[in-house]
Amino acid sequence: MDRKNSRKKKLSAAICIAIEAVIVIFIYFKFYYMIISSVKANSDILANPFLITQGLHFENYVTAFQKVMKYLGNSFIITGGVVAGVLFVGTASAYIFARFQFPFKNALFLFILAFMMIPDTMTLIPSFVLVTKLKLVNTFWAVILPTVTMGQIMYILVIRAFIEGIPND
């Protein structure tokens with residue numbers, strides 16, 4: 001009886017290992033194919049798609065980098081602008097909410113926090129209309145300014161709590 005259970009356990013373990021091996025092969029094959037294809041000429045990819053060919057073309061990486069460089073630059077400009085804007089405006093706002101006393105401070109803070117309830121997709125059309133009226137269409141500012149305004153809320157919440165934890169001395 002124990003031998004039968006032992007054999008069943010070994011068989012089930014072997015089946016599980018085989019299934020896992022097949023899954024791993026499927027997962028890693030994509031990466032293998034991507035790397036192999038990236039160093040081949042287009043004609044080699046079609047002629048022999050799965051094997052390494054003699055002529056490796058590492059200049060494909062240079063060509064790809066040249067084509068993508070413009071878009072990477074745009075991403076760095078937009079990201080840098082958004083980060084700088086959120087840091088500057090958000091830190092100033094959080095400092096004011098944390099250190100100064102003024103009428104309706106808590107009500108105003110709750111009003112600002114209420115904007116977290118609005119999904120970003122609901123602000124797309126009003127943002128587009130505003131950007132169009134400001135004549136910022138097809139500029140970096142058309143992306144940076146709306147993103148800065150929507151990124152403020154969470155940043156103010158977090159940094160206000162941080163600044164309140166710092167002693168006033």
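Glutamine 152 is buried, with a relative accessible area of 8%; buried stands for under 20%, exposed for over 50% and partly exposed for what lies in between, using a 1.4 Å probe and protein chains only. The model is predicted, so local features need pLDDT of at least 70 and side-chain atom pairs count only at pLDDT 80 or more, while totals for chains, interfaces and linings use all residues. Residues are numbered from 1 along each chain as its sequence is written, and side-chain values use heavy atoms, with hydrogens and water left out.

Glutamine 152 belongs to helix 6. Helices are DSSP runs (H or I, at least four residues), numbered from the N terminus. Apart from neighbours within four places in sequence, glutamine 152 is in contact with Gly85, Val86, Val89 and Gly90, where contact means heavy atoms within 4.5 Å.

One of these residues, valine 89, lies in helix 3. Valine 89 is partly exposed, at 38% relative accessibility. From valine 89 to threonine 149 the distance is 9.1 Å, C-alpha to C-alpha, and the two are 60 residues apart in sequence.

Two packed helices are described by the angle between their axes and the distance between the axes. Here axes are lines fitted to C-alpha atoms, for helices over the stretch in contact, and angles run from 0 to 180 degrees between N-to-C directions. Helix 3 (residues 59–99) packs against helix 6 at an angle of about 40 degrees, and the axes are 7 Å apart. This makes helix 3 oblique to helix 6. Angles under 35 degrees count as roughly parallel, over 145 as roughly antiparallel, 65 to 115 as roughly perpendicular, and the rest as oblique. By class, the contact of helix 3 with helix 6 has 17 nonpolar, eight polar and three charged residues. Ala, Val, Leu, Ile, Met, Phe, Trp, Tyr, Cys and Pro count as nonpolar, Asp, Glu, Lys and Arg as charged, and the others, Gly among them, as polar.

**Helix 6 and helix 4**

Helix 4 (residues 105–114) also packs with helix 6, at an angle of about 135 degrees and with the axes 9 Å apart. Helix 4 and helix 6 are therefore oblique to each other. On the helix 4 side, Lys105, Asn106, Phe109, Ile112 and Leu113 meet Ile153, Ile156, Leu157 and Arg160 of helix 6. This contact has six nonpolar, one polar and two charged residues.

**The salt bridge**

One salt bridge is found in a search of the whole structure. A salt bridge is a side-chain nitrogen of Lys or Arg within 4 Å of a carboxyl oxygen of Asp or Glu. The partners are glutamate 164 and arginine 160, at 3.2 Å, N to O. They are four residues apart in helix 6 (residues 141–164), and so separated by about one helical turn. Glutamate 164 is partly exposed at 42% relative accessibility, whereas arginine 160 is buried, with a relative accessible area of 12%.

Helix 5 (residues 124–133) is hardly covered, with one buried residue among its 10 residues. Lysine 135, which follows helix 5, has a positive phi, near 55 degrees.

How values were computed
Helix = DSSP H or I, 4+ residues; strand = E, 2+ residues; numbered from the N terminus.
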